[in-house]
Amino acid sequence: MEFETIIWHGLAAFLTLCIFTFLYKDNPFYKFAERLVAGVAAGYWTMLVFHKLFVDKVYHTMATGQYAYIIPILLGIGMWTRFSKKHSWISRYSIAFYIGISTGVSIPVYMYTYIFRQISATIIPFTSISNVLVVIFVLCALFYFFFSKAHTGAFNIVSKIGIYTLMIGFGAGFGLTVMGRVALLVQRILFLKDYVREVAAFIGG
Amino acid sequence: MRKQIPIYFVFGSGIIMIVQYFIPSEESDWLFTYANDWVIVVGIFALALGIWSLLRSEFRKLKDPKERFYAAVLLFGFFIMIFTGLKAENLEAGSLMFDIFENVLIPIQATIFSLLAFYVASAAYRAFRARTVLATILLLTAFIIMARLLPLGPISEVNQYGVAWILAIPNMAAKRAITMGVGLGAIATCIKIILGIERTYLGHD
């Protein structure tokens with residue numbers, strides 16, 4: 001193991017412990033690591049966007065004599081007028097362009113992925129009990145959100161099945177989230193254990 | 001007038017982007033590609049605006065003796081990533097920027113997420129104590145899901161089937177119903193924006 005690697009892993013181990021100190025209470029070590037990660041993340045994403053989007057997409061396209069990006073560049077610069085009280089209205093055009101295109105593109109996409117694909121996946125042949133249950137549970141869960149009809153009598157039963165289905169879904173989501181977090185915790189603990197071994201091996205030669 | 005024109009702008013661009021989806025042709029493909037690229041370019045300038053806002057706030061904090069150290073840590077983290085990432089090849093493995101990414105950003109973020117294992121468990125205990133049938137169903141499902149990795153002897157196999165059934169039938173039905181609800185809500189919001197009913201994005205005068 002190289003000395004440089006030991007130093008880098010030492011920094012990672014120190015920062016890991018800094019974050020774990022929050023389990024006791026908010027303290028300067030935690031705040032230090034928290035602010036450091038905020039700065040590093042902002043810097044990392046800035047450079048990633050600069051190289052992968054600005055240089056590759058905008059600068060290189062403009063350098064080849066294609067000036068199609070002049071309009072969005074002007075709109076983008078217009079965003080910066082938000083700092084001026086007098087000229088901040090200009091930024092509304094940039095935001096309007098951004099919002100207009102985004103919402104226009106989103107409607108068919110949402111319609112297809114969130115609605116049509118879900119419905120087509122639910123319209124399945126009743127060849128097994130599981131298929132029947134999927135259809136019943138989806139309809140009942142949807143009915144739970146349907147407020148134009150009072151949830152009384154038979155509708156109450158449908159609504160009840162719907163909320164039970166939703167609770168099972170939330171429970172599964174909760175269980176999977178906790179498992180994911182625990183897996184991360186185990187991984188961090190193993191990292192600390194491995195680091196101690198690395199240092200011991202390095203000192204021992 | 002300064003608010004009316006951006007609303008027309010949103011309406012026009014939104015309708016054009018919806019219509020192009022339903023007219024498959026080279027022209028609509030071209031429009032879709034360019035409109036998305038333009039949105040990305042405007043987004044790049046919006047990111048710069050966000051970074052400027054962050055830096056301005058942190059430089060102000062440098063004047064406050066209580067916040068000075070933490071603001072300096074954030075600025076240090078930000079500028080070290082900017083300087084080490086000036087060249088595009090520095091985004092690749094083996095560079096100083098990549099080492100900082102791997103030994104500062106990744107460990108801190110992973111540890112912060114792993115901390116949630118403790119807080120999710122304690123919050124869940126307080127929030128979902130089995131007081132009602134619904135809370136009991138949620139807890140029971142979460143427990144069955146979490147227990148799938150435990151060595152439960154002969155019950156393990158039964159539990160595996162149970163988990164598979166929960167994830168494939170009621171959980172999927174619940175997620176599907178929620179997805180449809182989210183989709184309808186998102187489409188309704190998009191339509192409200194395009195029609196100018198929802199205009200909070202324009203800000204206040």
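How far apart do the C-alpha centres of domain 1 of chain B and domain 2 of chain B lie? They lie 24 Å apart. The structure is a predicted model, in which local features need pLDDT of at least 70, side-chain atom pairs count only at pLDDT 80 or more, and totals for chains, interfaces and linings use all residues. Residues are numbered from 1 along each chain as its sequence is written, with chains lettered from A and ligands numbered from 1 in the order in which they are written.

The domain bounds come from an automatic or database domain assignment. Chain B comprises domain 1 (1-84) and domain 2 (87-119). Chain A has domain 1 (1-68), domain 2 (70-123) and domain 3 (128-205). The C-alpha centres of domains 2 and 3 of chain A are 32 Å apart.

Chain B has an average pLDDT of 90, and 98% of its residues score at least 70; pLDDT is the predictor's confidence in each residue, from 0 to 100. For the complex, the predictor gives an ipTM of 0.84 and a pTM of 0.85.

The contact between the chains takes 98 residues from chain A and 95 residues from chain B. Two residues are in contact if their C-beta atoms, placed from the backbone, lie within 7 Å. Elements giving two or more residues to the chain A side include helix 2 (28-63) and helix 6 (154-204). Helices are DSSP runs (H or I, at least four residues), numbered from the N terminus.

Within chain B, B:Ile80, B:Met81 and B:Thr84 of helix 3 meet B:Leu96, B:Met97 and B:Ile100 of helix 4.
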